[in-house]
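Dear colleague,

Please find the structure below, handed over for your use. My notes on what was found in it follow directly after.

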Amino acid sequence: MRWAGQQLDAEAPGTLPGLGSIAGLVRSVTTPEFQGVTFHEVLARSALNSVPGTGLPFNWTVNPYRGCTHACRYCFARPTHKYLELDEGLDFDRQIVVKTNVADILRKELARPSWGGEQVALGTNTDPYQRAEGRYRLLPGIISALAVSGTPLSILTKGTLLRRDLPLLQEAAEQVPVGIGVSLALGDEELRRRLEPGVPSVRGRLDLIRAVREAELPCGVMVAPVLPWLTDSAEHLDHLFGQLAEAGATGVTTLVLHLRPGVKPWFMKWLAEDHPELVKRYESLYAHGPNAAPSYRNAFESKVRPLLEKHGFGTSSHRNTQNVVEASGQGSFSGWGEPTARFRSRRSSSAPFNTSTTRRHRPAPVPAAIPEPDQQPLF
């Protein structure tokens with residue numbers, strides 16, 4: 001069978017540089033369904049990652065995968081592969097680390113008396129609903145573990161595979177606040193294919209937003225990254241915001257392209273191939289760091305605020321970051337997907353989670369988690 005090499009006693013075909021030194025590596029797997037992709041299955045030591053002080057609406061994350069087959073040329077997480085002695089380019093797209101025991105480890109960490117029940121965010125580094133999730137099915141166990149422990153959760157994704165877990169998320173929302181964010185920035189399908197070749201289509205993600213809303217869950221949208229002189233025109237944003245409003249989005253966050261070291265060369269290589277006329281303008285715009293020049297950001301903010309308000313996303317506001325504009329809609333603050341209130345469906349209140357063992361914790365010291373090197377601030 002094509003996945004027969006995945007049993008625990010299978011002989012690993014060898015490891016890439018760096019991977020052999022990572023504690024917990026079980027084996028490396030290839031399969032015809034994922035041409036050119038290698039999955040490196042590991043037994044993780046921890047699941048919860050602490051990321052305080054980032055100015056983001058969460059302090060804890062869980063990342064079941066490292067690397068991402070969405071292959072977005074601009075992905076801010078690319079430099080994290082250097083810790084595995086892999087490159088930020090094709091290795092990030094094709095060498096995927098899978099934390100096969102992440103749900104079991106998470107359950108143990110959430111059961112600690114010191115766990116304070118803070119919100120846990122999924123999808124803040126690499127996408128939890130990338131194609132690999134269709135095979136490994138790690139998210140159902142993670143969602144269930146969080147719900148049973150009384151821990152609020154949020155998910156940010158580009159993956160339409162999230163539709164598979166909507167019934168589970170509805171049930172989780174009977175126990176804890178649940179928030180969902182969908183990332184959708186490129187309304188041009190041809191540009192999407194060139195820049196994010198592994199990401200589901202624009203139409204597919206608009207349909208995902210509709211499905212989330214039909215499931216009576218809030219759904220913010222992350223319009224990120226906005227690409228200077230490619231997707232930042234008032235016409236493009238006006239059309240995109242209109243589509244998001246029609247689909248039922250409950251909030252929007254816009255984020256101008258951020259080019260940190262390790263990401264910039266990979267993105268600029270693509271830009272030189274597809275839009276050579278913009279190379280010098282980008283070099284000037286990002287000459288002094290990973291953020292676009294302040295003059296550009298200020299002009300963008302002035303342009304985007306009235307467009308957000310035009311499409312019913314409320315009064316826009318700043319997060320404590322340098323290039324973010326956010327606007328809340330009905331039931332959600334932003335595109336991050338953070339939950340704002342406990343969802344109660346109109347269905348029966350019964351749910352498969354064991355409510356007799358669901359604990360409600362008072363605030364307490366957080367557990368001792370092992371921060372991973374992939375937990376860098378988004379900005």
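Residues are numbered from 1 along each chain as its sequence is written, and side-chain values use heavy atoms, with hydrogens and water left out.

Confidence in the model

The confidence of the predictor in each residue is given as pLDDT, from 0 to 100. The chain has a mean pLDDT of 81, and 77% of its residues reach 70 or more. Over residues 1-18 pLDDT stays under 50, and the model has 36 contacts beyond four places in sequence for them; a contact means heavy atoms within 4.5 Å. Residues 316-322 also have pLDDT under 50, with 27 contacts beyond four places in sequence. Where pLDDT is low, the predicted coordinates should not be read in detail.

Helix α7 and arginine 205

Helices (H or I, at least four residues) and strands (E, at least two) are DSSP runs, numbered from the N terminus. Helix α7 covers residues 202-214 and contains arginine 205. At 1.5 Å a residue, the 13 residues of α7 should span 18 Å, and the 19 Å between its end C-alpha atoms agrees with this; the expected span is 1.5 Å times one less than the number of residues.

The buried residues of α7 are Val202, Gly204, Arg205, Leu206, Leu208, Ile209, Ala211 and Val212. Here buried means under 20% relative accessible area, exposed means over 50%, and partly exposed lies in between (1.4 Å probe, protein chains only). Arginine 205 has a relative accessible area of 0% and is therefore buried. Not counting residues up to four places away in sequence, arginine 205 touches Lys158, Thr160, Val182, Ser183, Leu184, Arg192, Glu196, Val199 and Pro200. Just after α7, glutamate 216 takes a positive phi of about 65 degrees.

Strand β10 and its partners

Eight of the eight residues of β10 are buried, so this strand is largely enclosed by the rest of the structure. Two strands are said to pair if DSSP finds at least two bridges between them. β10 pairs with β9 in the parallel sense over four bridges, and valine 182 stands opposite valine 221 in β10. Five bridges join β10 to strand β11 (residues 251-256), and these two run parallel; glycine 220 is opposite glycine 251 in β11. Together, β10, α8 and β11 make a right-handed β-α-β unit. Right-handed means that, with the strands pointing away from the viewer, the path from the first strand over the helix to the second runs clockwise.

The open sheet around β2

Four strands form an open sheet of mixed pairing, in the order β1-β2-β6-β5. β1 and β5 (65-66) stand at the edges with a single partner strand each, so one side of each is left without a neighbour in the sheet. Strand β1 (residues 25-29) is joined to β2 by four bridges and runs antiparallel to it, with serine 28 opposite histidine 40 in β2. β2 and strand β6 (residues 95-99) pair in the parallel sense over five bridges, and valine 97 in β6 is the bridge partner of histidine 40. β5 and β6 are paired in the antiparallel sense over two bridges; tyrosine 65 stands opposite valine 98 in β6.

Five of the five residues of β2 (residues 38-42) are buried, so β2 is largely enclosed by the rest of the structure. Both of its faces are covered, with Thr38, His40 and Val42 buried on one side and Phe39 and Glu41 on the other.

Two side-chain contacts

Glutamate 41 counts as buried at 3% relative accessibility, and its side chain makes a polar contact with the side chain of tyrosine 136 (2.7 Å). A polar contact is a pair of N or O atoms within 3.5 Å; within protein, one must be able to donate a hydrogen and the other to accept it, and residues adjacent in sequence count only if both atoms are side-chain atoms.

Arginine 164 lies in the loop between β8 (153-157) and α5 (166-173) and is partly exposed, with a relative accessible area of 25%. The side chain of arginine 164 makes a polar contact with the side chain of glutamate 133 (2.7 Å).

With kind regards

Note on methods. This is a predicted model: local features need pLDDT of at least 70, side-chain atom pairs count only at pLDDT 80 or more; totals for chains, interfaces and linings use all residues.
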